[in-house]
Amino acid sequence: MRRKLAAGNWKMNGTTAALSELEALARAYPTSSIDVLICPPATLLHRAAEVVRDTEVTVGGQNCHAATAGAHTGDISADMLVDAGASAVILGHSERREDHGEQNEDVRAKARAAMDAGLKAIICVGESLEQREAANTLDIIGGQMSGSIPDQSTGENLIVAYEPIWAIGTGKVPTLNEIGEVHDFIRNRLERRFGEGVGRSVRLLYGGSVKPSNADEIFGVSNVDGALVGGASLKTRDFSGIVDALLKA
Ligand code: PGA
């Protein structure tokens, strides 16, 4: 059985004051049958890890460099994330692909580094509106998967997040059928590449405008093992609604 995962991506939001949200979240779920992960900005990661220490909530990074160390001004290695207390890292988010020109092979190299360091890599894939309208969604996702997911992936170190670019931060969400079609496709691709055992054990998250009000129905879709949540993860009141929906799913 795949353990469900509610993951929050704070993006470039949050200073010290935001740690109180994390504290409230950790207090709300002293024990849990699902995984709850928050990925704060790198500046907060170490303190965030202190806040959730000895609780069920874990913290992660939003990016890492492919190299272990060296002359890469402004970058952060996977080992540094681990040292700061991270258990996972989001990689290949569409905002990184767009803002920083990250290509599939960059994401794959980063994912290798993350896995080598003992982190879970949450690899994001997703189509633009133009690609969906041209009926290219599955081709795009398939290409991103084969380009970005490293060979060393297992059910333990890989999580795939399907995030349609047009649904991120827009309040627009694909239909449940559309979500199901892509998640089934991703599962199928993973089984074909890594074999049934591994393919079936990788967790698949849906991301893009997940809110307490739509979480229930999204978590009812087959092969949706949780969510990657942006805006609604910033306030514990909202994120708890999503965690509660996943606990019931
Ligand atoms: P959103 O972002 O929940 O604000 O749409 C999701 C994401 O980018 O991971």
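Angles under 35 degrees count as roughly parallel, over 145 as roughly antiparallel, 65 to 115 as roughly perpendicular and the rest as oblique. Before you click anything: this is a predicted model, where local features need pLDDT of at least 70 and side-chain atom pairs count only at pLDDT 80 or more, while totals for chains, interfaces and linings use all residues. Residues are numbered from 1 along each chain as its sequence is written, and side-chain values use heavy atoms, with hydrogens and water left out.

**Stop one: H10 and H11**

Select residues 212-219 for helix H10 and 236-248 for helix H11. (Helices are DSSP runs of H or I with at least four residues, strands are runs of E with at least two, and both are numbered from the N terminus.) Their axes come within 8 Å and cross at roughly 20 degrees; axes here are lines fitted to C-alpha atoms, for helices over the stretch in contact, and angles run from 0 to 180 degrees between N-to-C directions. H10 and H11 are therefore roughly parallel to each other. Now show the side of H10 with Pro 212, Ala 215, Asp 216 and Phe 219, which meet H11 residues including Gly 241, Ile 242 and Leu 246 (contact means heavy atoms within 4.5 Å). By class, this contact has six nonpolar, one polar and three charged residues. In that scheme Ala, Val, Leu, Ile, Met, Phe, Trp, Tyr, Cys and Pro are nonpolar, Asp, Glu, Lys and Arg are charged, and the others, Gly among them, are polar.

**Stop two: H7 with its partners**

Next, pick H7 (residues 137-148) and H8 (residues 176-194), whose axes come within 11 Å and cross at roughly 40 degrees. Among the contact residues are Ile 141 and Met 145 of H7, with Phe 185 and Leu 190 of H8. The tally for H7 with H8 is seven nonpolar, three polar and three charged residues.

Look for Asn 104, Val 107 and Arg 108 of H5, and Gln 144 and Ser 148 of H7, among the residues in contact.

**Stop three: the ligand**

Which residues come nearest the ligand? Of the 13 around it, they are Lys 11, His 93, Glu 163, Gly 169 and Ser 209 (near means a heavy atom within 4 Å). Zoom in on Lys 11: an N or O atom of its side chain is 2.8 Å from a ligand oxygen atom. Then try the backbone of Gly 231, where an N or O atom lies 2.8 Å from an oxygen atom of the ligand.

How values were computed. Polar contact = N/O pair within 3.5 Å; in protein donor to acceptor, adjacent residues only side chain to side chain.
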